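Colleague: I want to learn how to read the inside of a model. Can we go feature by feature?

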Amino acid sequence: PASAQISAVPQPRTFCYTVDNNVLTTEQRQFYEDNGYLLIKKLVSDEDIERFRKEFVRICKREVRPPGAMIMKNEALRSQYGQSENVVNKVQDFQEDKELFRYCTLPEVLRYVECFTGPNIMAMHTMLINKLPDSDQQTFLHPMHQDLHYFPFRPADRIVCSWTAMERADQDNGCLVVQPGTHKLPLKPHGYPNWEGKTNKLFHGLLEEEQKIPKVHLVMEKGDTVFFHPLLIHGSGINRTAGFRKSISCHFASSECYYIDVKNTTQEDLEKELVEMVHKKYSATSVELKDIWNFRARLVKGERISL
């Protein structure tokens, strides 16, 4: 593309962020190249979403306790609602829950994931988010951030998030907000925003937001799925409705990706915070960030090569 020579022969389009296969149209590939995300309507069935919802409720009621899962709650609500979905706002690392992990193995999801990772696919990071009704305290606001900040593996272009709405998501209940094209920016410094009393554990955000780049609110219906690049700047607002806003997601990576040492990088403080949490919970010593991710990783298609 940088060549000054002019050729009469049409040149094939060069794509950096997707791999060659017959799933995506040229227009879809170009949209992802330009914007860093791609929305596929009605990808996951109502039946599957209902199964995920039922399993989430069982976890909230402690009828199921998946090993290794992190259940995040608003403890202030427990006296009012007890053990219920009115209290739990996130189930993270559900790789040991067979019912929820089915999401990461759905053929219709992996068919698209392969367009970004290639044929050897690892499920690296799983979450079911239940955005609770919120107030001016903004308890469940996630500041604008890049997911790569959390990941000690590369290359970034072979990592993708699959995020499925389990019910309608819009501006009223805190849908995803993205800044198109920011996947072409480098990984920026993250930390806790300077919001007094409004920060959540490990909800890191950009220390300096990209104010000039427009934000797009991704209004999604139940079953709609967005695939996005780990450098895309995104976040979500608060839920101003009386109901919930559930979503289920997984970050996938090519098994050909490799771990990096985050020491002396912008990710070093994150490693210290996570290692300290693991040490407290499991009394583990000599743990590195890559060890935590290696524990979470699961092969879902192809062969395990490096990760």
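Colleague: Which element gives the most to the lining of the largest cavity?

Modeller: Keep in mind that this is a predicted model. Rolling a probe the size of a water molecule over the atoms shows where empty space is left. Here, E4 gives the most to the lining of the largest cavity: five residues.

Colleague: How many cavities of 30 Å³ or more are there?

Modeller: The count is two. The largest has a volume of about 470 Å³. It is lined by 32 residues, and Lys90, Met127, Ile129, His142 and His145 are the closest to its centre.

Colleague: Which elements give two or more residues to that lining?

Modeller: Strands E3 (88-92), E4 (121-131), E5 (142-145), E7 (159-165), E13 (234-236) and E14 (245-254) do, along with helices H6 (268-282) and H7 (289-296).

Colleague: What is the make-up of the lining of the largest cavity by class?

Modeller: It has 15 nonpolar residues, 11 polar and six charged.

Colleague: Now the nonpolar core. Which residues have the most contacts inside the largest one?

Modeller: In soluble globular proteins, nonpolar side chains tend to be buried together. In this model the largest nonpolar core holds 38 residues. Tyr103, Cys104, Val109, Phe227, Ile248, Phe252 and Val300 have the most contacts inside it.

Colleague: Which elements supply at least two residues of this core?

Modeller: On the strand side, E1 (37-40), E3, E4 and E14. On the helix side, H2 (46-60), H4 (98-101) and H5 (107-117). H5 gives the most to this core, with six residues.

Colleague: Which residues of H5 are buried?

Modeller: Val109, Leu110, Tyr112, Val113, Cys115, Phe116 and Thr117 are buried in H5. Just after this helix, Gly118 takes a positive phi of about 90°.

Colleague: Take Ile248. What is it in contact with, leaving aside neighbours within four places in sequence?

Modeller: The contacts of Ile248 include Phe52, Phe94, Leu100, Tyr103, Met127 and Leu128. Ser162, Trp163, Thr164 and Met166 are also in contact with Ile248.

Colleague: Last, the sheet. What is the order of the open sheet of four strands?

Modeller: Strands of a sheet pair through backbone hydrogen bonds, either parallel or antiparallel. Here the order is E5-E13-E8-E11, with antiparallel pairing. E5 and E11 (216-217) are the edge strands, and each pairs on one side only.

Colleague: How many bridges join E8 to E13?

Modeller: Three bridges join E8 (residues 176-178) to E13, and the two run antiparallel.

Definitions and conventions. Residues are numbered from 1 along each chain as its sequence is written. This is a predicted model: local features need pLDDT of at least 70, side-chain atom pairs count only at pLDDT 80 or more; totals for chains, interfaces and linings use all residues. Side-chain values use heavy atoms; hydrogens and water are left out. On a 1 Å grid over the protein atoms alone, a cavity is a set of points where a 1.4 Å probe fits but cannot get out, and a pocket is an open set with protein on both sides within 12 Å along at least five of seven lines; lining residues have an atom within 4 Å of a point. Grid points are joined across faces, edges and corners, and a volume is the space filled by probe spheres set on the points. Ala, Val, Leu, Ile, Met, Phe, Trp, Tyr, Cys and Pro count as nonpolar, Asp, Glu, Lys and Arg as charged, and the others, Gly among them, as polar. A nonpolar core is a set of buried Ala, Val, Leu, Ile, Met, Phe, Trp, Tyr and Cys residues joined through side-chain atoms within 4.5 Å. Buried means under 20% relative accessible area, exposed over 50%, partly exposed in between (1.4 Å probe, protein chains only). Contact means heavy atoms within 4.5 Å. Two strands pair if DSSP finds at least two bridges between them.
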